[in-house]
Structure formats: structure tokens, C-alpha cells
Amino acid sequence: FTLSQQTKDIVKSLDQEVDIYYICEAGQEDSYVEALLDRYVAMNDNIKVIKKDPVVYPSFASKYTSDTLSNNSLIVVCGDRSRVVGYNDIFVTDYSNYYTTGKTSTSFDGESQLTSAIGYVTSEDLPKVYTLTGHGEKSLSSSFSNAISKENIDLEELSLVSQEKVPEDAQCLI
């Protein structure tokens, strides 16, 4: 696979150090994840990949998340910001046809997830979008909400029944 132009632009323009902690037991590395990490490292010297074996460092991930991470998960860190990219976010399994055909499909979303995490930890000002609630508005679909989150946009609900006005930090109102 090749990396998208958007990923190349973001990674090549990095002027801050970004550490990617690769949480993986020795000998159980995923070849796709390793190939992806190698491509990012090759584009910019500011990206460092540090392997952390959870057997050797059992409490390392707890600095960044209270969740239990599966093998081949990533923790992206820059300064005080961090984002966890779980293995189940890198390889996404679609079960929508399982009950009709008995089959699932798995897709690789590693590039999108990793680029999003790098953008998140290196951005100083993340946009905030509010969705209106309280008057019977339909909620956003999970796929739309996930797409917004992947673009590093903070999504929050807002009820104008209990608030007098739209908050000052709102870049958009849905």
C-alpha cells in the first residue's frame, strides 16, 4: 500500500518530536503495522517508534490510558498530549453481513488512525463542533460521528433549552 498525499503532507511538515509507543510482545509484531510505522519514520526524523513489551513493562500503558491495550496497539505522544490507537481501530472488522452470509470483512485503517493521532497530538487548537439537542433533533450516525472525531474535531452536544447562547468556542453548530 502507499500513503495518501494528506498523510505525506502532515508527516513531512512535522517540526515537533512525536513518539509512537508500539505496544507489542516480542515476536508477535504485526507485519502490516510494522511496515506502516517504517514508512512514517522514513518520512520525518522527528517521528520515533519505541517498542514497549507489555510483559516487560506491564504498567507502561497506564500512564496514557486506563483501558487494557491489545497487542500491536499504538500510543502517539507529543508533549503533554497523547492518543491511543488500539489494534481494533487499525484493523476494523465489519459484521454487518454476518447474520445473512455468515461472513465478515476486515479492512486496514492504520494510516488514517495514525495520521489522525499525529494531527491530534501536534495541534494546539482543535476545533469544536456542537450538535443541538432538546427539541427532538435526530442524533448523528455513529459513522458520521467517527468521521468527525477522526478529523480531530471535538464533538459535543448542546441544549439551548438549558444554555442561553452558543458557547464562544463553537466553530460550528449542527
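The questions below ask how terms are applied to this predicted model. Local features need pLDDT of at least 70 and side-chain atom pairs count only at pLDDT 80 or more, while totals for chains, interfaces and linings use all residues. Residues are numbered from 1 along each chain as its sequence is written, and side-chain values use heavy atoms, with hydrogens and water left out.

Q: Why is Cys78 called buried, and why is Cys172 called partly exposed?
A: Buried means under 20% relative accessible area, exposed means over 50%, and partly exposed is in between, with a 1.4 Å probe and protein chains only. Cys78 has a relative accessible area of 7% and is therefore buried, whereas Cys172, at 35%, falls in the middle class and is partly exposed.

Q: How many disulfides does a search of the whole structure find?
A: The search finds zero, where a disulfide is defined as a pair of cysteine sulfur atoms within 2.5 Å.

Q: What makes the rings of Tyr87 and Phe91 a pair, and is it stacked, edge-to-face or tilted?
A: Rings of Phe, Tyr and Trp (its six-membered ring) pair if their centres lie within 6.5 Å, and planes under 30 degrees apart count as stacked, over 60 as edge-to-face and the rest as tilted. The structure holds eight aromatic pairs. In the pair of Tyr87 and Phe91 the centres are 5.2 Å apart and the planes stand at 50°, so this pair is tilted. Tyr87 is partly exposed at 23% relative accessibility, while Phe91 is buried at 16%. Ring pairs also link both residues with Tyr32 and Phe108 into a cluster.

Q: What makes the charged end of Arg81 count as sitting over the ring of Tyr120?
A: A charge sits over a ring if NZ of Lys or CZ of Arg is within 6 Å of the ring centre and within 35 degrees of the ring normal. The charged end of Arg81 is 4.5 Å from the centre of the Tyr120 ring and counts as sitting over it; likewise, the charged end of Lys52 sits over the ring of Tyr57, at 4.2 Å from its centre. Tyr120 itself is partly exposed, with a relative accessible area of 22%.

Q: How do you know that the side chains of Gln28 and Asn71 make a polar contact?
A: A polar contact is a pair of N or O atoms within 3.5 Å; within protein, one must be able to donate a hydrogen and the other to accept it, and residues adjacent in sequence count only if both atoms are side-chain atoms. The two side chains make such a contact at 2.7 Å. Gln28 is partly exposed, at 43% relative accessibility.

Q: Which residues touch the most other members of the largest nonpolar core?
A: A nonpolar core is a set of buried Ala, Val, Leu, Ile, Met, Phe, Trp, Tyr and Cys residues joined through side-chain atoms within 4.5 Å. Of the 23 residues in the largest such core, Leu74 and Leu114 touch the most other members. Leaving out residues up to four places away in sequence, Leu114 touches Ile20, Leu36, Leu37, Tyr40, Leu74 and Val76, contact being heavy atoms within 4.5 Å. A second, separate core has seven residues, among them Tyr21, Ile23, Ala61 and Leu69.

Q: Why does Ser145 count as buried?
A: Ser145 has 19% relative accessibility, which is under the cut-off for buried, and therefore counts as buried. Leaving out residues up to four places away in sequence, Ser145 touches Leu140 and Leu155.
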